Amino acid sequence: MSIAKRLASQTAVYGLSSIVGRVLTFLLVRVYTGRFAAAEYGIVTGLYAYVSFLNVLFTYGMETTYFRFANRPGTDRQELYDRVMTLLVLTSVVFSGVVALLARPLMSLLSLPAGHEQYAVWIAIILGLDAVAAIPFARLRLENKARKFAGIRLASILLNIGLNLFFIVLCPDVLAGNYLPGLRPLVESVYNPTLGVGYVFLANLAASAFTLVLLGRELLDFRFRLNLEPLRPLLQYAYPIMLMGVAGMVNEMLDRIILPMWLPENFYPGQSNLAAVGIYGACYKISVLMSLVIQAFKYAAEPFFFAQSNEKNSPYTFALVLKWFTLCCTMLFVGVSVNVDLVAQIFLRRPEYLQGLAVVPVLLLAYLFLGVYWNLSVWFKLTDKTYYGTYIGFAGAALTVVLNFLLIPLLGYMGSAIATLACYFLMAALCWWLGERHFPVPYPIARLLTWLALAVGVVALSWWLPVAAGWPRYAFHALLTLGFVGLIALVEGRRLRAL
C-alpha cells in the first residue's frame, strides 16, 4: 500500500505541474492559431520538430544513466553528479556552437526565406541551456524533491506564456491602437513587428535561461571533474539509450518534417504544404494531452522503478503499475476522442485548423501505446540490456518511414497519424514479447487489450453515429464518456479498493 501511495502521490505532484503547465501552454495554441496563418504556424511546428531530435542528441541518454548508476550500491552520488554535469556542460557548448553555425542549412530544410537564421541560433542556445538543466532536474527527482521540481517547471512555463502573450498579443494590439495607448512608447522600444513567429522562440529562450537561475543551488553544488576513464561505463550504458531516443524522435517528429516534402502539391485544395503542416501540428497538440499523463508518470516512475528493482515482489509491482496506468490512459483516450469537437473549440481559433481533427483519436491511441511501451521497457533498463531498446526503437523508426512514404501521398496527414499508431503498437508488442523471455512480469495483457478494444468501439460509435450538432451532440458524447468510465469503475473498482 505504501509503495502504491508513494508512487501515486509523486505522480500527482509531477502531474499537477505538468498538466497545469501544459494546459496553459496548450492555450497558446489558441493564440497562435488566432494570430498566425497556418503557413506561419507551420514554421513553429517544423522547427520544434528539429528541436525534439536535437534535444535527444544534446542529452544522449545521461538522465537514465544517472538514475541507473546512482542506485548502484557503493556509488558516490556527488561524484557521479559532478562527472555527468561536467560532460553535459562541455558537450552542450560544442553542440550549440555547431547548430548555430549550421543555421542557414537548417532554415533551408524548411524552405524558409533568407533572413530567419537567427531562429536557429536561438534554438541552439535553448538546446544547450535545457541540456545543462537536465541533470539538476534528474537529481531533484532522485532525491524525491517533487515539489521543487514541479515549482521550477511551472515557473518557467508561466514566464514563457507571459512573454508570448506580451509580444504576440499585447504589443501588436497596442501598436494597432486597440487599447492601452499609454504603453505605446514602451512597446515601440522593445517590440519588432517583423519578427512575427520569432517571438515564440525568444520567449522559450528567456524561460530556459530563467530555469537555470531557479536551479542555482543545484548548479552551485557542481564541481568540474574531467576524468575520461570513469566516464567510459556511463557512456557505454548511455549510447544505446541515446540511439533509442533518436529512433523515438523519428517515430514522433519525422512526420512533421517530411510531410511538406512527400505531400503532393494541391493535395488539400487551396492550401500550401506548409499550411498542411500547421494544421496537422495544431491538431497534434490536442493529442499530446495524453503525453501529459505519460510525462508526469515518467517523472515519478523512472527513479521508482530503479529503486524497486532489488525487491522480491518487483515483477508484481510493475504489473500492477502498468495495469492502472493503462486504464487511466484509456479513460483519457475516450474522454478526449469522444468530445474532440468541444475540446477543439478551446484550442483552435480559425476554421481552417478544424479539418484535421480526425487525426486526434488516432494519435491519442498512438500515445497510449507509447506509454505502455515505456512501462514495459523497464526490463531492459534494469537488466542493463539497453541495446534491446535500440533495436526496438529502430524497428519502429523503419516502420514509420516506410508507412509515411506509402500513406502520405494517399491519405495526407492522416497517413502520418496511422504510421505513428502502427509504430508505437509495434514497439509495445516487441518490448512485451522480448521482456517475457528476459525479465518475465505477470502483465494482464488480455484484460487490458479487452478494455482498449472496447474503448476504440466507443470512440468509433461517437464519430459515426449521426447526432444533431450542438447540445444534443455534446450531451450524447458526455453520456458515452461517463458510461465507459463508470463501467471501468464498476468492473475494476473492487480490485482498486483491494489495492
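Here's a quick rundown of the salt bridges in this structure. Keep in mind that the model is predicted.

**Asp221 and Arg139**
- Asp221 sits in the loop between α10 (216-220) and α11 (228-262), while Arg139 belongs to helix α6 (residues 117-142), so the contact ties together parts that are 82 residues apart in sequence.
- Arg139 is buried, at 13% relative accessibility, whereas Asp221 is partly exposed at 30%.

**Glu143 and Lys145**
- Here the side chains of Glu143 and Lys145 pair up in a salt bridge at 3.2 Å, N to O.
- Both ends are partly exposed: Glu143 has a relative accessible area of 34%, and Lys145 comes in at 38%.

**Glu492 and Lys323**
- Glu492 and Lys323 make a salt bridge through their side chains, at 3.1 Å from N to O.
- This pair links distant parts of the chain, 169 residues apart: Glu492 is in helix α21 (residues 471-498) and Lys323 is in helix α14 (residues 314-338).
- Glu492 counts as buried because its relative accessibility is 1%, under the 20% cut-off.
- Lys323 is buried too, with a relative accessible area of 8%.

- Arg139, Glu143, Lys145 and Asp221 all belong to one network, joined by salt bridges that share partners.

How values were computed:
Residues are numbered from 1 along each chain as its sequence is written. This is a predicted model: local features need pLDDT of at least 70, side-chain atom pairs count only at pLDDT 80 or more; totals for chains, interfaces and linings use all residues. Side-chain values use heavy atoms; hydrogens and water are left out. Helices (H or I, at least four residues) and strands (E, at least two) are DSSP runs, numbered from the N terminus. Buried means under 20% relative accessible area, exposed over 50%, partly exposed in between (1.4 Å probe, protein chains only). A salt bridge is a side-chain nitrogen of Lys or Arg within 4 Å of a carboxyl oxygen of Asp or Glu.
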